[in-house]
Amino acid sequence: MAFGCRGGEVMGNLYIATPVATSAPFDTIEVQTGTALKTLLQVATPSTTDIRIHGWGVSFKGAVATNPPGEVHMIDTNVAATVTLLDPAKWESQMAPNSLCVGGTAATGYNASAEGTITAVGAVIDPEELHPQTGYGVWYPEGRRPKIAISRFLRIRGLFTVDVACMPWIVWEEPA
């Protein structure tokens, strides 16, 4: 792994999770929010290291300007949703090793078909009310990046009154 130091913070490799087709033309894949609380994107931390969130966001493709805002938030939890497999991509360096946050139906993925029964939430991170014709993104400053412990599930979840196509993403660091 390539490591350095900035402002006293040890840094590792950065990775991004966003739904992308695994064959040509490798286009992004929209996720439908649904009218029940739904996990749009999930990152499963490995049993060997924590992760630090550098940024996250979601953009929407709402069709009706009069639709009310929906709720979108990121949570740290102990239970996986059942998702479509997604292999994280390298963010800065193609020389970096593959992410330890591997894809799988109960691991890193998108577009949950089942939420699972959550028994504990470590944190609700950055809850937002967003209009379905907008988007939201945040990049956390050094020293203030949320840390997700080993063997946890980081989820972006949404709840709207109508189905809305969206594009979620999370960028994180896997430290030494």
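1. A residue is called buried when its relative accessible area is under 20%, exposed when that area is over 50%, and partly exposed in between. By this cut-off, 7 of the 7 residues of strand S5 are buried, so the strand is largely enclosed by the rest of the structure. The model under review is a predicted one, and the points below should be read with that in mind.

2. Overall make-up. What kinds of secondary structure does the protein have? It has 0 helices and 15 strands. Of its 176 residues, 46% are buried. The C-alpha atoms occupy a box of roughly 50 × 40 × 30 Å along the principal axes.

3. The six-stranded sheet. An open sheet is formed by 6 strands in the order S8-S10-S5-S14-S7-S11, and the pairing is antiparallel. Which strands lie at the edges of this sheet? They are strand S8, residues 82-85, and strand S11, residues 121-130, each of which pairs on one side only. From one strand to the next, the twist averages 25°.

4. Strand S5 and its two neighbours. Strand S5 covers residues 38-44 and is joined by 6 bridges to strand S14, residues 153-159, the two running antiparallel. In this pairing, Ala44 is opposite Phe153 of S14. Strand S5 is also joined to S10, again in the antiparallel sense, by 2 bridges.

5. Ala107 belongs to the loop between strand S9, residues 89-90, and S10. Is Ala107 buried or exposed? Its relative accessible area is 13%, and because buried means under 20%, Ala107 counts as buried. The C-alpha atom of Ala107 is separated by 4.9 Å from that of Ala44, although the two residues are 63 apart along the chain. Ala44 is the residue already noted as standing opposite Phe153 in S14.

6. Strand S15 and its partners. Strand S15 spans residues 165-174 and is mostly covered, with 8 of its 10 residues buried. How many bridges join strand S6 to S15? There are 8, and strand S6, residues 51-60, runs antiparallel to S15. Within S15, Ile170 is the bridge partner of Trp56. S3 pairs with S15 over 5 bridges, also in the antiparallel sense, and Asn13 has Glu174 of S15 as its bridge partner. S4 is joined to S15 by 2 bridges, and these strands too run antiparallel. In S15, Cys166 is the residue opposite Val31.

7. The loop between S3 and S4. Two backbone features in this loop deserve a check by eye. Most residues other than glycine have a negative phi, and most peptide bonds are trans. The peptide bond from Ala24 to Pro25, however, is cis, with omega near 10°. Pro25 lies in the loop that links strand S3, residues 13-17, and strand S4, residues 31-32. Phe26 is found in the loop between S3 and S4 as well. Its phi is positive, about 55°, although Phe26 is not a glycine.

8. A positive phi within a strand. Where is Asn111 placed? It is in strand S10, residues 109-114. Asn111 has a phi near 60°, a positive value in a residue other than glycine. The relative accessible area of Asn111 is 28%; this value falls between 20% and 50%, so the residue is partly exposed.

9. The largest pocket. The volume of the largest pocket is about 290 Å³. Its lining consists of 14 residues, and those nearest the centre are Val20, Ala21, Thr22, Leu86 and Asp87. What classes of residue make up the lining? There are 10 nonpolar, 3 polar and 1 charged residues. Among the residues nearest the centre, Asp87 is of the charged class, because Asp counts as charged.

Methods:
Residues are numbered from 1 along each chain as its sequence is written. This is a predicted model: local features need pLDDT of at least 70, side-chain atom pairs count only at pLDDT 80 or more; totals for chains, interfaces and linings use all residues. Side-chain values use heavy atoms; hydrogens and water are left out. On a 1 Å grid over the protein atoms alone, a cavity is a set of points where a 1.4 Å probe fits but cannot get out, and a pocket is an open set with protein on both sides within 12 Å along at least five of seven lines; lining residues have an atom within 4 Å of a point. Grid points are joined across faces, edges and corners, and a volume is the space filled by probe spheres set on the points. Two strands pair if DSSP finds at least two bridges between them. Helices (H or I, at least four residues) and strands (E, at least two) are DSSP runs, numbered from the N terminus. Axes are lines fitted to C-alpha atoms, for helices over the stretch in contact, and angles run from 0 to 180 degrees between N-to-C directions. Buried means under 20% relative accessible area, exposed over 50%, partly exposed in between (1.4 Å probe, protein chains only).
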